[in-house]
Amino acid sequence: MILQHLKIENFRGIKTLDWCPNGRFLCLIGPNDATKTTILEAIELVSLSRYYAAISDQDFHKGDTGQKIVIEASFGEVPKELLDEDKKFGLFLRGYDEKLQKIVGLDDTRKPVLTIRFEVGDDLEPSWNVVQEAGEP
């Protein structure tokens, strides 16, 4: 799978991030405390294969638990075994427009992507959901 789009809200040092990585390889470069590790940990959280994540008040931007942490990742080149329309996630595919660099409705000209949303509020109970909205037309 390839990360096509990443959106982060209220996670550690990141208030908002809306990012479309370009290409198959990703290299984050910057000074200490530039949120490089936070971005990588956000990708790990949203794509966890287990139903547990240790989240504390310190993981919220400026410790404000009144604002939900939301991490949304859209992955392209999803393995075919995950896309069985009857049993898996095939009906949840959205489109990724490379020129506009945004999630849009799926058609023959756009890359199919599967979007996972991780959310946690002041109760510190995380949830993972497959996003169903089609995106912009």
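**Chat about strand 6 and its neighbours**

Reader: How many bridges join strand 3 to strand 6, and do they run parallel or antiparallel?

Author: Eight bridges, and strand 3 (residues 69-76) and strand 6 (residues 111-120) run antiparallel. Strands here are DSSP runs of E with at least two residues, numbered from the N terminus, and two of them pair if DSSP finds at least two bridges between them. This is a predicted model, where local features need pLDDT of at least 70, side-chain atom pairs count only at pLDDT 80 or more, and totals for chains, interfaces and linings use all residues. Residues are numbered from 1 along each chain as its sequence is written, and side-chain values use heavy atoms, with hydrogens and water left out.

Reader: Which residue does S74 stand opposite in strand 6?

Author: That's T115.

Reader: And what about strand 4 and strand 6?

Author: Strand 4 (residues 94-97) pairs with strand 6 over three bridges, in the antiparallel sense. There, G95 stands opposite P112.

Reader: OK, strand 7. What's the bridge partner of E119 there?

Author: S127. Strand 7 covers residues 127-130 and pairs with strand 6 over four bridges, antiparallel again. Their hairpin has six residues between the strands, and L124 takes a positive phi near 65° in it.

Reader: Switching topic: where is L106 found?

Author: In the loop between strand 5 (102-104) and strand 6.

Reader: Which residues is L106 in contact with, leaving aside neighbours within four places in sequence?

Author: L93, R94, G95, K111 and P112, where contact means heavy atoms within 4.5 Å.
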